[in-house]
Amino acid sequence: PKKGLVYLVEAVRFLRERNFNVELHLLGGVDDNAASKEYARELDKCIQDVNLGKIVHIEGRKPESDVKRFLALSHLFVAPFVETESGDKDGIPTSLLEAMATGIPSIATNAGSITEVIDDGHDGILVPQRDPNALAIAIADLINDFERRTDMGNNAARKIREKFDVSVCEHIFHEHLSKLLVSKRRKLSSL
């Protein structure tokens, strides 16, 4: 449920009604729990209810090579994630980082820690959660502006290399762990 895919399907419906030639490929599987299985049924029903079964493709889990192929063929990556009523949410979605690293501009919601990754208007677009109209507008804006899409994609790839690559993050992570361990040792030795 925290993926917010029904809102993306609604956004695709809005775009198709306005004669945008878009297709949606959803990669990933359903988690093995009741809420995820119920949400998958809700998503299937939503796709059928808006008659988009021929342009919304549920691809399922894919190996890394297929994910790379889909990213290479895509013009946009959309992460319509939401914070659920129970508080469940994604932190920084790996899929978002992977897409940005390939140079694809991303459109995402302001859920979880996504706002720590995307600088709105610079390397992606942020929209409110649960707002299919805002998703549709952002998608349409980027579809219609190749230069902006290219600039955002280039900015996204550069940001991922500079701030989120493991060669950068691992060092920072180890520094934080070292500081934490030193602090713990001091506290233990003072007992």
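Residues are numbered from 1 along each chain as its sequence is written. Because the model is predicted, local features need pLDDT of at least 70, side-chain atom pairs count only at pLDDT 80 or more, and totals for chains, interfaces and linings use all residues, while side-chain values use heavy atoms, with hydrogens and water left out.

**Exercise 1. Asp-123**

Task: State where Asp-123 lies, whether Asp-123 is buried or exposed, and which residues Asp-123 contacts.

Solution. 

Step 1. Locate the residue. Asp-123 sits in the loop between strand E4 (106–109) and strand E5 (124–127). Helices (H or I, at least four residues) and strands (E, at least two) are DSSP runs, numbered from the N terminus.

Step 2. Classify the accessibility. Buried means under 20% relative accessible area, exposed over 50%, and partly exposed in between, with a 1.4 Å probe and protein chains only. Asp-123 counts as buried because its relative accessibility is 0%.

Step 3. List the polar partners. A polar contact is a pair of N or O atoms within 3.5 Å; within protein, one must be able to donate a hydrogen and the other to accept it, and residues adjacent in sequence count only if both atoms are side-chain atoms. The side chain of Asp-123 reaches the backbone nitrogen of Asp-119 at 2.8 Å. The side chains of Asp-123 and Lys-159 are joined by a polar contact of 2.7 Å.

Step 4. Contact means heavy atoms within 4.5 Å. With neighbours within four places in sequence set aside, Asp-123 is in contact with Met-100, Ser-106, Val-117, Ile-118, Met-152, Asn-155, Ala-156 and Lys-159.

**Exercise 2. Salt bridges**

Task: Give the number of salt bridges, then describe the pairs Lys-159 with Asp-119, Asp-90 with Lys-3 and Asp-32 with Lys-37.

Solution. 

Step 1. Apply the rule. A salt bridge is a side-chain nitrogen of Lys or Arg within 4 Å of a carboxyl oxygen of Asp or Glu. The count by this rule is 13 salt bridges. Side chains of opposite charge can pair when their charged atoms come close.

Step 2. Take Lys-159 and Asp-119. Their side chains form a salt bridge with an N to O distance of 2.8 Å. This pair links distant parts of the chain, 40 residues apart: Lys-159 is in helix H6 (residues 146–164), and Asp-119 is in the loop between E4 and E5. Lys-159 is buried because its relative accessibility is 8%, whereas Asp-119, at 39%, is partly exposed.

Step 3. Take Asp-90 and Lys-3. The closest N and O atoms of this salt bridge are 2.6 Å apart. Here too the pair links distant parts of the chain: Asp-90 is in the loop between strand E3 (77–79) and helix H4 (94–101), Lys-3 is in the segment before helix H1 (5–17), and the two are 87 residues apart. Asp-90 counts as buried at 14% relative accessibility, and Lys-3 is partly exposed at 32%. Both residues belong to a network of salt bridges that links Lys-2, Lys-3, Asp-88 and Asp-90.

Step 4. Take Asp-32 and Lys-37. The closest N and O atoms of this salt bridge are 2.8 Å apart. Asp-32 is exposed at 68% relative accessibility, and Lys-37 is partly exposed at 38%.

**Exercise 3. Strands and their helices**

Solution. 

Step 1. Order the strands. Two strands pair if DSSP finds at least two bridges between them.

Step 2. Check one pair. E3 and E4 run parallel and are joined by 3 bridges. Ala-79 stands opposite Ala-108 in E4.

Step 3. Turn to E1 and E2. Strand E1 (residues 24–27) and strand E2 (residues 56–60) run parallel and are joined by 4 bridges. Leu-24 is opposite Val-56 in E2, and the bridge partner of Leu-27 in E2 is Gly-60. Leu-24 and Leu-26 form the covered face of E1, and His-25 and Leu-27 the uncovered one.
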